Amino acid sequence: MPDLQEETATLFDGRILRYFDVVNSGRAAATDQRRADSGPAQGQQRWDPLRQEWVTVSAARNGRPLLPVDCPLCPTTTGNPTEIPAQDYYIAVFDNRFPSFTGTPTRSDQSAELGAERPANGHCEVVCFSADHASAYHQLDTKRIADILSVQAQRTAELFERPDVREVTCFENRGVDIGVTLHHPHGQIYAYPDVTPTTALQYTNALRHRRDTGKDLFQEILDFEVRAGERIIAETDHWVAFVPHSARWPCEIHIYPTTGLRDLTELDEPRIHGFAPLVKSILAAMTTDLSDDVPYMTAWRQAPRTADGRFDGVGRLRFEIVSPRRSAGKLKYLASSEALMGAFVNDVAPESLAEHLRTHLNTRESA
Ligand SMILES: [Zn+2]
């Protein structure tokens, strides 16, 4: 991240705030005037023996504000002391005040058996994309989107250095229908003490595929979609965006780097700067016939680490965008079949969605 300066401050309860900007701004000198309290509470993980998964119980999160009038992610003003003590910022990252996971991860030797409990270790950060409350990720200029990606890569590198962080994801929830609690344009970073259930399933299957065939399942998926062509939304020198053949959601888009990279730390400058206009145009195309408040979830899927902190060659960096919107004004809800049985029924043909997005992308580019 050669052209971004990082300055670090400490918030009223000991949490760390990082300002990123193209210049050394001196913003870290602004002090947090809020009254000290005990800091974030730690949740608990409980073992589900049927699913063979840890479930996190974080009751303190139930107390976090829901769409408050005074936004805690805006720069501080006289009447609104926020998480950002400075009067302005470019990009800011701070430890989540209501974290799902917190505390220094320790070696995961907790026995997994019926009734097992352990502290919900790990780390959660909030990434403020802009000081402009009324903006949105896809409305930001491409330079800033590229800089956000550089910051996410830097944070990924640092979080993977923590003992026994097995997986790091950078994500964004957007829109009231997704359940956002703050409108301010922001994303989050979770550093998990274990490989998450979905990643573990994909990792296990990719590992078995490599063992059985000697081939990379992620590359085969990408090659399959490029060959088929009909679900491709956009192809650039460094990225391919497509609706997957077996999409679960009415709006589901995967963006793969053209070469196999394990995580954001392996992105070079051309890939970072190539991603920004691509994701901006795709998100804009999603909103073309809708309001700007189209609900969506995005996540960077990054290769997990082994229990002893190594990358074993399985897993691939990719970006996913999912929206429950099935048509204007209509949402797909995860009902009994999806939420309880795990059996997804998609109301939209992936090929139709890809064609729709391609049309809007081309319309915008030729406008
Ligand atoms: Zn705000």
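**Zinc site, domains and salt bridges**

Me: The zinc ion is coordinated by Cys71 (SG), Cys74 (SG), His133 (ND1) and His184 (ND1), at 2.1 to 2.3 Å. What makes these atoms donors?

Reply: A donor is an N, O or S atom within 2.8 Å of the metal (3.2 Å for Na, K and Ca); water is not among the atoms, so sites may look incomplete. The model is predicted, with local features requiring pLDDT of at least 70 and side-chain atom pairs pLDDT 80 or more, while totals for chains, interfaces and linings use all residues. Residues are numbered from 1 along each chain as its sequence is written, and side-chain values use heavy atoms, without hydrogens and water.

Me: Why is the arrangement around the zinc ion called tetrahedral?

Reply: Four donors count as tetrahedral if all angles lie between 85 and 135 degrees. Here the angles subtended by the four donor atoms are 101 to 119°, so the arrangement is tetrahedral.

Me: What spacing do the donors follow along the chain?

Reply: The pattern is C-x2-C-x58-H-x50-H. Histidine 133 sits in the loop between β7 (123–128) and α1 (142–160), and histidine 184 in the loop between β8 (167–174) and β9 (186–192), so the pair ties together parts 51 residues apart in sequence. Helices (H or I, at least four residues) and strands (E, at least two) are DSSP runs numbered from the N terminus.

Me: What is the setting of cysteine 74?

Reply: Cysteine 74 lies in the loop between β4 and β5 (91–95). Its relative accessibility is 16%, so it counts as buried. Leaving out residues up to four places away in sequence, cysteine 74 touches Thr82, Ile84, Tyr89, His133 and His184, where contact means heavy atoms within 4.5 Å. Aspartate 32 is 42 residues from cysteine 74 in sequence and 14 Å from it in space, C-alpha to C-alpha. Arginine 51 is 23 residues from cysteine 74 along the chain, and their C-alpha atoms are separated by 40 Å.

Me: What sets glutamine 52 apart in its backbone?

Reply: Glutamine 52 has a positive phi of about 60° although it is not a glycine. It lies in the loop between β3 (44–48) and β4 (53–57), and arginine 51 lies in that loop too. Glutamine 52 has a relative accessible area of 54% and is therefore exposed. Arginine 51, at 51%, is also exposed.

Me: How is the protein chain divided, and what is buried between the parts?

Reply: The chain is divided into domain 1 (5–194) and domain 2 (199–366), with bounds that come from an automatic or database domain assignment. Their centres, taken over C-alpha atoms, are separated by 24 Å. The contact takes 30 residues from domain 1 and 33 residues from domain 2. Buried area is the accessible area (1.4 Å probe) that two parts lose on being put together, summed over both. For these domains it is about 2800 Å², 57% of it on carbon and sulfur atoms. His138, Leu149 and Arg166 supply 24% of the area that domain 1 buries against domain 2, more than any other three residues.

Me: How many salt bridges does the rule give, and how many are between the domains?

Reply: The count comes to 22, and between domain 1 and domain 2 it is zero. Aspartate 21 and arginine 27 form one of the salt bridges, with their closest N and O atoms 2.7 Å apart. Another joins arginine 231 and glutamate 230 (3.4 Å, N to O). Arginine 231 is buried at 2%, whereas glutamate 230 is partly exposed at 42%. Salt bridges that share partners join Glu6, Arg18, Glu125, Arg155 and Glu158 into one network.

Key. Four donors count as tetrahedral if all angles lie between 85 and 135 degrees; four count as square planar and six as octahedral if opposite donors are over 155 degrees apart and all others between 65 and 115; anything else is irregular. A salt bridge is a side-chain nitrogen of Lys or Arg within 4 Å of a carboxyl oxygen of Asp or Glu. Buried means under 20% relative accessible area, exposed over 50%, partly exposed in between (1.4 Å probe, protein chains only).
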